[in-house]
Amino acid sequence: MSEPILQVQELNAGYGDFSALEQASFSVDHGQIITLIGLNGAGKTTLVKTIAGLHKPTSGKVLFMGEDITRLSAEKIVSRGLSMVPQGSRCFNRMSVHDNLLMGSFPKSARKHAKETLRHVYELFPVLEEMKKRPAGTLSGGERQMVAIGRALMARPKCLIFDEISLGLSPAIIKDIYKRIIQINENDKTSVILIEQDTQRALRTADSFYVMLKGKMVLSGKSNEVDAEMLKKAYFGI
Amino acid sequence: MIGKKLGQRDVVVLDSIPMLIICIALVFGLYLSCITGIASNNAMRYMIQIFLFITLGEMWNLLSGFAGMTSLGQQLYIGLAGYSVAVMTTKFHMGLGAGLAVGVLVSTIVALLLSLILFKMQGMYFSISTWVVAEAFATLFLSWKFVEQGSGMTIRVVPYPRIGEICILSLMICVVAMITVYCLLRTKVGLGLTAMRDDITAASAVGVNVFSHKLIVYLIAAVFTTLAGGIFFINKGIIYPENGFGISWTVSMIFIVTIGGTGTVGGPIVGAVIYVFLQEILARYPGWSNIILGIITILVILFLPTGIMGTLQKKLRFEIFSSKRFSFAKHK
């Protein structure tokens, strides 16, 4: 086994005096799906924001494909191949679906292949091609989430982070979106990090899991060997 | 832009060669009327105002309408420009060109330094901070002996430029400013700006460098606001801290952009023309003018939220100076 694609080592981060992340460590192997689960306020979003360069850590290290990316800016991290689908299906509302997707290939490294990647994204989400001229602001929640995923794929990521992808979506749509995520993982060998509150579904999809509580990693292991009782205790901190 | 996205039918984008010819002809016509003296001094007085306010409006529109940075402190650069010209001509006996050049230099340095502090703030906090900084400069100039404190400075050069020359200069600044905005919006930077305006977090998540985008826009706005402000005070001949650094500059920019149409390149032209004529009419009713301007702004926001230009473009399905971009992958 080669070295992990993403390694997070003892990451600390916070907002003012409040520390949201304490010594958080985890790693993702090439082509692996992992999930980070935890309650609201456990520090999951802070963790991925810090990894993606949208929030500055106070200490610790993030290594992506062996390179230290801890202090790199967000756009440099994206062009290295680490993309994020932010929480809450965030689209550029006044731009068309097509333009939203093209925005995803904003980094220089992705622009050369924009046409090719776009075709790939439309194959994955045919419904987006049908509505490519519509402003993203007029789409439904599930469609907007697809736009956000497609946009992240446009940067040709080697590792993709989904922050609470199922938030506010209907079960049928969540199921469909999870199917696409598995497809992305299998076809492109993209490593995937799922940040979730929907524990059951995330565990079924992921190879391994990490549980966060109050900024700390409290439990980790392989998804198929999970002990329900221990998981519950770690999840709620009882 | 908004009209184009919301409509289902196709929108006629008037950006072709004929439009370019009309624009060049219009500019050339204005230029000729200035040098040949067809336009009377009174007409040129209006034209100077209109050209300068178009420039100021375009710049404020670029900041607020396209980059989402609603600055209430653009008067800072107008004041710096006026004082640079006054100091260079009166104290150092240099020409007006040197005054404007120093103004641009000073503004650029101030803008660079301020960007480090101001860009840490967003939304309302950014707006208020820009205003506070401008007020701080006003206070500084009020108590600074070198610039004659509150008694103000006059701009003295021999020979003083004629009104026709000032008019041509304003026209040039206005045209260059509009070309700059138009071109900027069609580059990758413009694309990044549109994304930032819609969702700043999502924009940085796809790799838009928010800081550098803001900096480019802020610097361009500072430079052109300086140039327009400098010419305004060359035309006026005298500057005080209150009228150099006054909030009324930004009030007029907001009026022009809101009336004309936020986020449209054509909007500030319509807004500036209306503003200059309204100002002239309202000058007869001192004390009422700001109230009337305020009422008009509120009415426009209520009934024409996209401004005159925005509403016209949506109703008649056309677009001038479209900011449609995408250079790296063509629409099908």
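Predicted model: local features only at pLDDT ≥ 70, side-chain atom pairs only at ≥ 80, totals over all residues.

Colleague: OK. Then is A:Arg156 buried or exposed?

Modeller: A:Arg156 counts as buried, because it has 23 C-beta neighbours inside 10 Å. Its phi is positive too, about 50°, although A:Arg156 is not a glycine.

Colleague: Where does A:Arg156 sit?

Modeller: In chain A, in the loop between α7 (141-153) and β7 (159-163).

Colleague: Which residue in chain B has a positive phi without being a glycine?

Modeller: B:Glu148 is one, with phi near 65°. You'll find B:Glu148 in the loop between α6 (123-143) and β2 (153-154) of chain B. B:Glu148 is partly exposed, because 17 other C-beta atoms lie within 10 Å.

Colleague: Let's zoom out. How many helices and strands does chain A have?

Modeller: Ten helices and ten strands. The radius of gyration of chain A is 17 Å, close to the 18 Å from the globule rule for 238 residues, so chain A is as compact as a globular protein of that length. The C-alpha atoms of chain A fill a box of roughly 50 × 40 × 35 Å along the principal axes. Buried residues make up 47% of chain A.

Colleague: And how many helices and strands in chain B?

Modeller: Chain B has 15 helices and four strands. A compact globule of 332 residues would have a radius of gyration near 20 Å, and the 20 Å of chain B agrees with that. Its C-alpha box is roughly 60 × 50 × 40 Å, again along the principal axes. In chain B, buried residues make up 47% of the 332.

Colleague: What share of the contacts comes from residues 24 or more positions apart?

Modeller: Counting contacts with a separation of 6 or more, those residues account for 80% in chain B. For chain A the figure is 68%.

Colleague: How many residues does each chain put into the contact between them?

Modeller: Chain B gives 20 residues and chain A gives 28. On the side of chain B that touches chain A, α1 (2-6), α8 (188-198) and α9 (200-205) of chain B each supply at least two residues. That side of chain B divides into ten nonpolar, seven polar and three charged residues.

Colleague: Back to chain A, then. In what order do the strands of the open sheet run?

Modeller: The order is β2-β1-β4-β5 in chain A, four strands with antiparallel pairing. β2 (18-28) and β5 (67-68) of chain A stand at the edges with a single partner strand each, so one side of each has no neighbour in the sheet.

Colleague: How many bridges hold β4 of chain A to β5(A)?

Modeller: Two, in the antiparallel sense, and β4 of chain A covers residues 59-64. A:Phe64 has A:Glu67 in β5(A) as its bridge partner.

Colleague: What about β9 of chain A, is that strand mostly covered or uncovered?

Modeller: Mostly covered: five of the six residues in β9 of chain A (208-213) are buried. β9(A) pairs with strand β3 (residues 33-38) of chain A in the parallel sense over five bridges, and A:Thr35 is partnered with A:Phe209 in β9(A). Six bridges also join β9(A) to β10 (216-222) of chain A, and these two run antiparallel.

Colleague: What happens in the hairpin of β9(A) and β10(A)?

Modeller: The hairpin has two residues between the strands, and A:Lys214 takes a positive phi near 45° there. A:Leu213 stands opposite A:Lys216 in β10(A).

Colleague: Which residues does A:Ala234 touch?

Modeller: Leaving out residues up to four places away in sequence, A:Ala234 touches A:Val211, A:Leu213, A:Val218 and A:Leu219. A:Ala234 lies in helix α10 (residues 228-236) of chain A. A:Ala234 is buried, because 20 other C-beta atoms lie within 10 Å.

Colleague: Last one: why does the span of helix α8 of chain A agree with what it should be?

Modeller: At 1.5 Å a residue, the 18 residues of α8 of chain A (171-188) should span 26 Å, and the end C-alpha atoms are 26 Å apart. After α8(A) comes A:Lys189, with a positive phi near 60°.

Methods: Residues numbered from 1 in each chain as written. Chains lettered and ligands numbered in written order. Expected span 1.5 Å × (residues − 1). Buried ≥ 20, exposed ≤ 12 C-beta atoms within 10 Å, placed from the backbone. Contact = placed C-beta atoms within 7 Å. Nonpolar A, V, L, I, M, F, W, Y, C, P; charged D, E, K, R; others polar. Pairing = 2+ DSSP bridges. Rg over C-alpha atoms; globule rule 2.2 N^0.38 Å.
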